[in-house]
Amino acid sequence: MKAAVGFIFFMLFLAGLAFVNLRGMGNNSAVEVSAASDIAGLHWRPTHIGEMVLPADNPMFVQFEPDGSLHGDTGCNRFFGQYEIAADLITLSPLGTTRKACAEETARFEQAFLDALQSMRGAVRKDDRLGIRDEAGTLVSRLIAVQTDADER
């Protein structure tokens, strides 16, 4: 009996984690990213990396360009690389970065963001929200499209 109660608790816990990970990304209006035009030209700021909630004013972003290049900022260092979308599979080249020393918390966010991007194999978009999935289909990061000063010109 004790084992059954433990199992039920564990399953409820897993269901809760799945709900938290997919909240805001799982309804019918979300679409699988299948072309560069689905994500290109926007600054995507991470709001969550895994279960880690990032500060609303974090300066991190990634921008996917129509030509298959990408660039961004981790809040301390800049990064760049290439991406390809083929048959709903998204792959990124190894990312190049600048190498400035960062405060400990910033370095932790930076590494988590770069790891999430490097693990990207798929994405789902709903309006101004983007969910990044890894090879197993796990949502590894949630991002929001933000307007930049350059967008306002």
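A residue is called buried when its relative accessible area is under 20%. In this predicted model, that criterion describes strand β4 (residues 61-64) on both faces: Phe61 and Gln63 are buried on one side, and Val62 and Phe64 are buried on the other.

Strand β4 has pairing partners in β2 and β5. Strand β2 (residues 43-49) runs antiparallel to β4 and is joined to it by two bridges; here valine 62 of β4 is the bridge partner of tryptophan 44. Strand β5 (residues 69-73) also pairs with β4 in the antiparallel sense, over four bridges, and phenylalanine 64 stands opposite leucine 70 of β5. Four residues lie between the strands of the β4 and β5 hairpin, where glycine 68 adopts a positive phi near 95 degrees.

The structure holds one disulfide, formed between cysteine 76 and cysteine 102 with an S to S distance of 2.1 Å. This pair links distant parts of the chain, 26 residues apart. The torsion about its S-S bond is about -100 degrees, so the disulfide is left-handed. The two cysteines are set out below.

Buried residues of α2 include Phe109, Ala112, Phe113, Ala116 and Leu117. In an α-helix, residues three or four places apart point the same way, because there are 3.6 residues a turn. Glu110 and Leu114 of α2 are also buried.

Notes
Residues numbered from 1 in each chain as written. Predicted model: local features only at pLDDT ≥ 70, side-chain atom pairs only at ≥ 80, totals over all residues. Heavy atoms only, no water. Buried < 20%, exposed > 50% of the residue type's maximum accessible area, 1.4 Å probe, protein only. Pairing = 2+ DSSP bridges. Disulfide = S-S within 2.5 Å.
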